[in-house]
Amino acid sequence: MKLKSYLTLTTIATTSSVVIVLTIAILYLLQSSYQSGLEARGLELARVIAHDPKVIQAVRARNLQQSTTSIEDYIEAIRSRTDASYIVVVDKQAIRLSHPDKQRIGKHFIGEDIYPVLQTGKAYSTEARGSLGKAIRNFVPIYDNGELIGAICIGYLSEKISDIIFRQHVHIGLLIGLIYLFGIGTTVAFLLKMKKTFLDYEPEFIVNKFREHGMVFDSIRDAIIAVDHDMKITMINNSAMKLLSMGVLSRYDYQSHPLSHYSIPLSHLVLENQGRFHQEEFSIGKLRYRANLYPIKTAKGLIGHVIVFFANLTPNELEKEITYLKNYAELLRSKTHEYSNKLNVLSGMLQIGKYEESIDFIQQETDRYQAVINHIVLSVSDSAVAGLLLAKFNKASEMGVKFTIDEDTTLAGYAKQTSEKLVTILGNLVDNALLAAWQNREAVQPEVSVYLSDRGRYIMLEIQDNGTGVPDEIAEHILEFGVSSKQEDEQNGIGLYLVKQLVDYFHGSIDWERTDQNTTLFSIYLEKKEEAHDDENPSNAA
């Protein structure tokens, strides 16, 4: 069943059920209220007549078998001025002194409900059938100097009550009918609006199309960002996330955040070309990009912009990128070959029975790592960070850079999300420090030291190298995307920018200085977003 048909049937059924229930409840309450009103009015009128001296005198004379003036005309005159169907006055023997039908005067009252008032003297109301038909009958005793001498019955015929209630029901029914028609009209208007909004598509179709478009959107290699009229990011594809943060930040880290927080040049591009299509080349650090700006306009006006940008590489730059990738692949192959040779040597020793020499060979390869491994295991509980430090120690050894971890280092284990971000920050800073120290190897023995601590409210990272430091001309922009002190043919301008993004994510700070020992010291302070936990039980993360 289509959603439109389902909603129509559901709404009509619900509306009808509500209307029927409300109608029954209103009619029942109306009837009960009207009946209660009749009983109250009848009892009040009966009490007034019961205190009438003329009525008391006539009833007393009747009980004493004395002649007295007839009161039927007097009572009938009172009844004619009210909505009562009849007013009957009886003596202590339940003999009528008044009745609308004069032929019934002097005869016994019909109905057993007269006796309680004559016996107990209490006023009450009943619903019973008398000589004129079924009616609501209200009984009140008549006292003469404290003596019960008779009673008064004021009745309202059910037939007359039904006519009155029916007329009221007709008015209420018309009102409820109008309300019902209004509900149906509102439902129809809602369905027409929904049909226009969803272009008569079913929700399942829209959801599938949304997913399909999302997959196509993320598969586009060009970076695409959509912003609203407040310059806040509403959509971003995978390519844009990789360019802005190397894919470390998730989509939800970008959405509803200002574009200027991640790229000031793109933000300026949109602000300077509001509401019009524009193409422009721009720089982020040393990297050149080409951007296409598309305004998003509706009948209500401009609601945002879409930015499509991609690297503006010349053939020479593309050739450099390919050369770099080839060199990197060649380096990986050489390292693989080196370790394969060592494994072959070890395999050969074992095959010819040189077990002692094999042990010495293994010991020689592992001794230099053992002290570092022990220090890392004892001081760093986070397995991801510990693995990173060991990997950087191996890389430093291959580069010929002395890599030391401060003896006072201590770091607890953290949840996966926090741990991954710490690895990204530390990895980029250590890589930069290793390269800077290695490039200055002709002047001094290259050295890099690392200090980690989370003893207080903050996580502190300090990375120090004895490289040449940050050039003065880029010192103020070193954290911007594409700004780097590396050579032109190297991947550059991304690491520190990414570190800055993650530091902002932790509401932390980043600082660097040139020390008296001619070393460069980067200091990171991160606010703890969640409590640390033991590495044996990672589920305890807050």
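Start at Ile510, which stands opposite Ile524 in β14. This is a predicted model, in which local features need pLDDT of at least 70 and side-chain atom pairs count only at pLDDT 80 or more, while totals for chains, interfaces and linings use all residues. Residues are numbered from 1 along each chain as its sequence is written, and side-chain values use heavy atoms, leaving out hydrogens and water.

β13 and β14 pair in the antiparallel sense over 6 bridges; two strands pair if DSSP finds at least two bridges between them. Helices (H or I, at least four residues) and strands (E, at least two) are DSSP runs, numbered from the N terminus.

Stepping back, 5 strands form an open sheet of mixed pairing, in the order β10-β11-β12-β14-β13. β10 (402–405) and β13 are at the edges with a single partner strand each, so one side of each has no neighbour in the sheet. On average, neighbouring strands of this sheet are turned by 15 degrees against each other, direction ignored.

Helix α13 lies across β10, β11, β12 (458–465) and β14, running at about 15 degrees to β12. Axes are lines fitted to C-alpha atoms, for helices over the stretch in contact (heavy atoms within 4.5 Å), and angles run from 0 to 180 degrees between N-to-C directions. Helix α12 (residues 383–399) lies across β10 and β11, at about 155 degrees to β10.

Now for helix α14 (residues 495–505): 8 of its 11 residues are buried, meaning under 20% relative accessible area with a 1.4 Å probe, protein chains only. These buried residues, including Leu498 and Leu502, pack against α7 (238–245), α13, β13 and β14.

Key:
Buried < 20%, exposed > 50% of the residue type's maximum accessible area, 1.4 Å probe, protein only.
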